[in-house]
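My notes are set down in the order in which I checked things.

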Amino acid sequence: MVNPHRGEVALEIDGECRVLKLTLGALAELEAELREDTLIALVERFENGACSSRDVLALIVAGLRGGGAAVETRDLLTAEIAGGPLAA
């Protein structure tokens, strides 16, 4: 069960409801992975639609880690995400 007051969201991955949360550490990891210098630049990248499927995958991995899961990008390369990339 997710708690939106804590910034948690749910995403169904391979038929399992998973909790994602963008903690400060997860955001720092995402900045480094996507080579963005600031949080504002990172947000603008997604808001302007200038993101790739690789960016969405990095966002999901960071969110899962922030939610407490020990995952790597390679763990999700063949994952089925309910609703597809737009839901993610």
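The entries below cover the helix first and the salt bridges after it.

I am working from a predicted model, in which local features need pLDDT of at least 70 and side-chain atom pairs count only at pLDDT 80 or more, while totals for chains, interfaces and linings use all residues. Residues are numbered from 1 along each chain as its sequence is written, and side-chain values use heavy atoms, with hydrogens and water left out.

I looked up helix H3, residues 53-66, which reaches 20 Å from its first C-alpha to its last; helices here are DSSP runs of H or I with at least four residues, strands are runs of E with at least two, and both are numbered from the N terminus. The expected span, 1.5 Å times one less than the number of residues, is also 20 Å for its 14 residues.

I then checked burial (buried is under 20% relative accessible area, exposed over 50%, partly exposed in between, with a 1.4 Å probe and protein chains only). Ten of the 14 residues of H3 are buried, among them Asp55, Ile60 and Gly66. After H3 comes Gly68, with a positive phi near 105°.

I counted six salt bridges, each being a side-chain nitrogen of Lys or Arg within 4 Å of a carboxyl oxygen of Asp or Glu. Asp55 pairs with Arg54 at 3.7 Å, N to O; Asp55 has a relative accessible area of 1%, whereas Arg54 is partly exposed at 47%. Glu72 and Arg65 form another, at 3.1 Å, and shared partners join Glu36, Arg45, Arg54 and Asp55 into one network.
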